[in-house]
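Here are my notes for a colleague coming to this model for the first time. Please keep the structure open while reading.

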Amino acid sequence: MRTLLLLTVIALAATGCGDSTAAPAGSGGDTTQHGAPRVRTPLDSTKAAKKPCTLLSGPQLKTLDMVGVEGVEESTPTGPICSWDDTEGDSGQYVTFTFTTGNGNGGLDRVYELKSTFQLFELQAPLQDYPTLLNAPTDDRRNGVCALVVGITDTQILTTTVKLRTGPKPAPRAFEPCAVAREAADLALTSIREQA
């Protein structure tokens with residue numbers, strides 16, 4: 001399960017690799033070169049990205065029914081991540097946050113540029129006024145997996161990946177992975193704002 005999630009996270013965050021062709025922030029217009037909506041109020045995620053496990057506090061974990069679950073931080077070539085694994089617990093949830101890093105070309109514009117390479121590319125309603133979409137190499141929502149991408153600046157995304165326990169003893173929300181991902185992302189955005 002962890003391998004599947006890491007592959008999804010790495011594939012999504014890898015959209016920040018390569019040459020950027022996005023229009024510079026502040027260059028005007030409502031969308032970037034490849035049609036992504038511009039982020040009008042960029043979030044400063046410098047502190048949060050250094051300590052991604054601070055994105056979910058104790059009370060926030062309670063909101064997700066993951067009381068007492070400890071976050072595990074890792075560094076990847078595409079950026080820092082933190083994961084909370086409660087797949088064997090009451091919630092049956094595994095939640096991961098990934099920040100893209102690099103040379104400033106990890107924004108939604110890059111995701112939009114590569115959208116034909118993804119099986120799942122589905123626009124969603126903004127979250128706290130930040131543009132969002134469902135995006136993954138394969139569409140595994142029926143298997144309890146969902147990845148929600150949030151544009152936090154014109155050149156950076158936060159990806160929330162959720163895997164819910166399925167099978168004989170499914171998680172209480174086994175068939176709502178995208179709803180869980182959206183709730184978790186909302187909590188993370190609140191934490192980033194508080195840390196900025």
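What pattern does the protein follow, read along the sequence?

1. Overall order. The model is predicted. Read along the sequence, it runs α-α-α-β-β-β-α-β-β-β-β-α. That gives five helices and seven strands in the protein.

2. Burial and surface. The protein has 196 residues, and buried ones make up 49% of them. The accessible surface comes to about 9100 Å². Carbon and sulfur atoms account for 52% of that surface.

3. Contacts along the chain. Take the contacts between residues at least 6 apart in sequence. Of these, 57% join residues at least 24 apart.

4. The largest nonpolar core. This core has 38 residues. Leu55, Trp84, Phe97, Phe99 and Leu158 have the most contacts inside it. Several elements give two or more residues to the core: helices H2 (46-50) and H5 (177-195), and strands S2 (79-86), S3 (93-99), S4 (120-127), S5 (130-136), S6 (145-153) and S7 (156-164). H5 gives the most, with nine residues. As background, nonpolar side chains tend to be buried together in soluble globular proteins.

5. Another core, of seven residues, lies apart from the largest one. Leu108, Tyr112, Leu133 and Ile157 are among its members.

6. Trp84. Which residues does Trp84 touch, leaving aside its neighbours within four places in sequence? The contacts include Pro52, Cys53, Leu56 and Leu61. Met66, Val69, Glu70 and Gly71 are also among them.

7. Helix H5. H5 has 19 residues. From its first C-alpha to its last it reaches 27 Å, close to the 27 Å expected at 1.5 Å a residue. Its buried residues include Pro177, Cys178, Val180, Ala181, Ala184 and Ala185. Further along H5, Leu187, Ala188, Leu189, Ser191 and Ile192 are buried too.

8. Gln60. Is Gln60 buried or exposed? Gln60 is in helix H3 (residues 58-63). Its relative accessible area is 10%, under the 20% cut-off, so Gln60 counts as buried. Leaving aside neighbours within four places in sequence, Gln60 is in contact with Leu55, Leu187, Thr190 and Ser191. The C-alpha atoms of Gln60 and Ala188 are separated by 9.0 Å, though the two are 128 residues apart along the chain.

9. Gly92. Where is Gly92 found? Gly92 is in the loop between S2 and S3. With a relative accessible area of 0%, against a cut-off of under 20%, Gly92 is therefore buried. Beyond neighbours within four places in sequence, Gly92 is in contact with Asp86, Thr87, Lys163, Leu164, Arg165 and Ala171. Gly92 and Ala174 are 82 residues apart along the chain, yet 7.9 Å separates their C-alpha atoms.

10. Cavities. How many cavities of 30 Å³ or more are there? The count comes to two.

How values were computed
Residues are numbered from 1 along each chain as its sequence is written. This is a predicted model: local features need pLDDT of at least 70, side-chain atom pairs count only at pLDDT 80 or more; totals for chains, interfaces and linings use all residues. Side-chain values use heavy atoms; hydrogens and water are left out. A nonpolar core is a set of buried Ala, Val, Leu, Ile, Met, Phe, Trp, Tyr and Cys residues joined through side-chain atoms within 4.5 Å. Buried means under 20% relative accessible area, exposed over 50%, partly exposed in between (1.4 Å probe, protein chains only). Helices (H or I, at least four residues) and strands (E, at least two) are DSSP runs, numbered from the N terminus. Contact means heavy atoms within 4.5 Å. The expected span of a helix is 1.5 Å times one less than its number of residues. Accessible areas come from the Shrake-Rupley method with a 1.4 Å probe; for residues, only the protein chains shown count as cover. On a 1 Å grid over the protein atoms alone, a cavity is a set of points where a 1.4 Å probe fits but cannot get out, and a pocket is an open set with protein on both sides within 12 Å along at least five of seven lines; lining residues have an atom within 4 Å of a point. Grid points are joined across faces, edges and corners, and a volume is the space filled by probe spheres set on the points.
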